[in-house]
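Visitor: I would like to learn how to read a structure like this one. Could you show it to me and take my questions in turn?

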Amino acid sequence: MIHNQVFLRQTMRDSSQWEPTSYRTHTIGQIVSEGASLVGEEVSVAGYAETIRGRGAICFIMLRDGTGHIQAFLKKDNMNPEIFDLIQSSTRESTVQVTGLVAQKRPPKVAEGEPMPSPEYEINVTSGEILAEAATPLPVGIIDDVKIGLDIRLDNRHLDLRRSHVNAMFQLRSKVLQYGREHLIKEGFMEMNSPKIIASASEGGTNLFPMMYFDTPAFLSQSPQLYKQLAVLGGLERVFEIGPAFRAEKHDTYRHLNEFISFDIEGAWMNDEDVMGVQERMIHHIWSSVYENDQSLIDVINEYKVSQGENTITVEVPELPFPRIPYSEAIEIVKSGGGEIEWGDDIESHHCDLIAAKYPGFHFLPRWPMSMKPFYIYHNKNEKSDSGGQLSRGFDLNYGRDEMTSGGQREHRVDVLEQNLRDMDLNPEDFTFYTDGFRYGAPPHAGWGLGVARLLMVLTGAGNVREVVLFPRDRTRVTP
RNA sequence: GCCCCGAUGGUGUAGUGGCCUAUCAUGCAGCCCUGUCGAGGCUGCGACCCGGGUUCAAAUCCCGGUCGGGGCGCCA
């Protein structure tokens, strides 16, 4: 059994470079990590009172800010007794500012033969102030040893977020985006933003949320697809966007939301293989950076998992290149695993289980039938399956059974684009908003869209996408 | 859109027709304690989702509603 004290010792994030603010001279993390050089110095810190243990004329407060935990020790003899009483009778999670001297903490009693813990520091308080009193009881316990249902947690996400493992997940999310950006910028991609209010579908397939744009009917964008392509057509060469996408599908699963953040790239003079390379290098960079820099966040998540009797997670940097399992081969794997499927069928979740048994990690599924891909996906006329079906340059990236990415080389020849539409019984006249961008010369290009939360589910071992999205929007949830 | 499941104090739970003025944990409130550290001790507080029905008797069975969960389809 691992107790709270284990992770109370560590800092939650590196705040060594943070400047003092009007409310504190130091972060708690700074005192925890630099305590030896601060002993005897007067500091002010501010934080949430995680626990307040009164013992009559002395009082212990476990203070937490966004950078760590520290114990504040209050003695009635050492301060204004009225302030002492006020703080001692305050409620858990109230915000408190205290001023006092840094001191080495008296070591806890340890059992015979147990190693002495490394030195810790505390603040001997001389004055303090309640900044904001917390109401009781808390709707969700921050450190209580009681499981809380996801729905209650999401209703009270601002409190749920105070729990260390939840906090760690969202810090990891920020890291994932940071490392992803780092890598793409290194490969020459530039960040762009596309409009989220659009006049018509930018990529067929899913339902859009309708809205009114003043007096004009409009929709929320389901993908930056078209706009990334227009940017590449315009000569920006390599672009990426991290932004929201909206899909009005009434799905209700552990991996779907109606608003999600999509990590998208598009590059000129590239085909599907080229952008798969970008993707696997980016994921490799993210994983190896987390492995090198952020093990403490993984540890915090694992402390919680252990306390709940769940399996812990390890950051296993995937080997390059990721396996490529062409669609036709995937069909054979499913068939030999006993799945009922024919060439031309979609590979469904239960089929993916069969493939994942052989390829449990990241793997690409390239060369899907053209008939299953949108009209804007590129195909070579001479690339056909054994059964004669036209293959495309569209691909997916899966991790285990879950789809992370959909991407491909795009069709850049406007006449082929229009023929693709006719082949799918669509009228090119209805798609001029898309095809018109291709009439004045277009580079061959390719790209993909990656679900950020799905990637984070893999990294953190979260079983539900709602865990790793701050304020998820699903079929029934629009608040908070 | 389809299929399955669930709802008990603030939170997480026990409970399968009478043993329930409902279990346990956590929490909350109060008291004791001048070095606790998963603090401890004592005393309290607090719940059967809503509406209808069956029955001598319903947290428990039936119907409807509301809310939630899981799976499928579709997708990222």
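Visitor: Is C352 buried or exposed?

Guide: C352 is buried, at 7% relative accessibility; buried means under 20% relative accessible area, exposed over 50% and partly exposed in between, with a 1.4 Å probe and protein chains only. C59 also counts as buried, because its relative accessibility is 0%. Before we go on, this is a predicted model: local features need pLDDT of at least 70, side-chain atom pairs count only at pLDDT 80 or more, and totals for chains, interfaces and linings use all residues. Residues are numbered from 1 along each chain as its sequence is written, chains are lettered from A and ligands numbered from 1 in the order in which they are written, and side-chain values use heavy atoms, leaving out hydrogens and water.

Visitor: What is the order of the strands in the open sheet?

Guide: Strands of a sheet pair through backbone hydrogen bonds, either parallel or antiparallel. Here seven strands run in the order β6-β10-β11-β15-β14-β13-β12, with mixed pairing. Strands are DSSP runs of E with at least two residues, helices are runs of H or I with at least four, and both are numbered from the N terminus; two strands pair if DSSP finds at least two bridges between them.

Visitor: Which strands stand at the edges?

Guide: β6 (190-191) and β12 (362-365) do; each has a single partner strand, so one side of each lacks a neighbour in the sheet. Two bridges join β6 to β10 (residues 238-246), and this pair runs parallel. Within it, E191 stands opposite F240 of β10.

Visitor: Which strands does helix α8 touch?

Guide: Helix α8 (residues 272-293) touches β11, β12, β13 (394-399), β14 and β15, and its direction makes about 35° with that of β15. Contact means heavy atoms within 4.5 Å; axes are lines fitted to C-alpha atoms, for helices over the stretch in contact, and angles run from 0 to 180 degrees between N-to-C directions.

Visitor: What does D396 touch?

Guide: D396 lies in β13 and is buried, with a relative accessible area of 5%. Leaving aside residues up to four places away in sequence, its contacts include H363, K373 and E403.
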